[in-house]
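Please read the following briefing alongside the sequence and the model shown here. It begins with the core and then turns to the helix contacts.

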Amino acid sequence: MTERDERTPLTRLLADLTDPVHGAPPLHSGAAVRPELLRLLAPRLGLLPADVFTLAGLDVPEDLAPADPAAGSLLPQLVRAALDLPSQRREALRAFVEALPATGVTRPARLSPVYARGGSGPGSLLMSLADNRNLGWTATAKTFLLLTGRYWAASSYGGVSQGRVPVTPELLIDFAVVLGVPATDLSLATGVPLPGTVPPPPPATSGVAGLVQDVRRLDREELRRVVEHARSLAQRR
């Protein structure tokens, strides 16, 4: 009988990615994890701080969560506009976002990730990571179509979240493109194996996942300004 792995996705990831001597401090299942430690781990792992909390099975602190749920529906418009830009102008767009003041809007209190409330499976974890980017089911479906060509209904992503739709290696690779997280990291965290050869993210999507991450703390009106600015950049010669 195979022994059940009680580790969180974060501890599985750390076990494979860190040097046992000089790597990140150990985290053990059932041990109290200090939030400040998770925040410090994020840059060392190349992950969003919110993602590290999710991978640890903990609530995402308010200051790390998307600020305005209503802004999420505009993300596909932003992605579409960004895809029309050459890479240099995408970087200019990200600089424009970085220069915006932080919003004072805060979203309602978040529940723990589905898999941490008694659910299980890689799909709930992946959709929790999408939620960290303010991507609901509909915005996720539209963003996947734009970045990966995957043409699924929003309800299909609900099925992924609820464990009714299995996470295949191909779907995991598409999640890596949309989330901006290496497929190897997602594979370690979820336990979903990858094929022998993992294609690199499409060059045409470079920087777009990072842009989606950048705007998660903006409210709807601020994000609308960013979309308009992206469209204006596309019209410049």
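**Core and helix packing**

The largest nonpolar core has 63 residues, and those with the most contacts inside it are Leu10, Leu78, Phe175 and Leu186; such a core is a set of buried Ala, Val, Leu, Ile, Met, Phe, Trp, Tyr and Cys residues joined through side-chain atoms within 4.5 Å, where buried means under 20% relative accessible area with a 1.4 Å probe and protein chains only. Helix α9 (residues 169-179) supplies the largest share of this core, seven residues. This is a predicted model, in which local features need pLDDT of at least 70 and side-chain atom pairs count only at pLDDT 80 or more, whereas totals for chains, interfaces and linings use all residues. Residues are numbered from 1 along each chain as its sequence is written, and side-chain values use heavy atoms, with hydrogens and water left out.

**Overall composition**

- The chain has 12 helices and zero strands, helices being DSSP runs of H or I with at least four residues and strands runs of E with at least two, numbered from the N terminus.
- Of the 237 residues in the chain, 46% are buried.
- Among contacts (heavy atoms within 4.5 Å) with a separation of 6 or more, 69% are between residues 24 or more positions apart.

**Helices α6 and α8**

- The axes of α6 (residues 122-131) and α8 (residues 154-162) come within 5 Å and cross at roughly 120°, with axes fitted to C-alpha atoms over the stretch in contact and angles running from 0 to 180 degrees between N-to-C directions.
- The two helices α6 and α8 are therefore oblique to each other, a class left over once angles under 35 degrees (roughly parallel), over 145 (roughly antiparallel) and 65 to 115 (roughly perpendicular) are set aside.
- Gly123, Ser124 and Met127 in α6 meet Tyr157, Val160 and Ser161 in α8.
- Tyr157, Gly158, Gly159, Val160 and Ser161 are buried in α8, and the buried residues of α8 pack against α6, α7 (137-148) and α9.
- Gly163, which follows α8, has a positive phi near 85°.

**Phe175**

- Leaving aside residues up to four places away in sequence, Phe175 touches Leu126, Met127, Phe144, Val160, Gly180 and Leu186.

**Helices α4 and α7**

- The axes of α4 (residues 75-83) and α7 come within 9 Å and cross at roughly 15°, and α4 and α7 are therefore roughly parallel to each other.
- In this pair, Pro76, Val79, Arg80 and Leu83 of α4 meet Ala139, Lys142, Thr143, Leu146 and Leu147 of α7.

Key:
Buried < 20%, exposed > 50% of the residue type's maximum accessible area, 1.4 Å probe, protein only.
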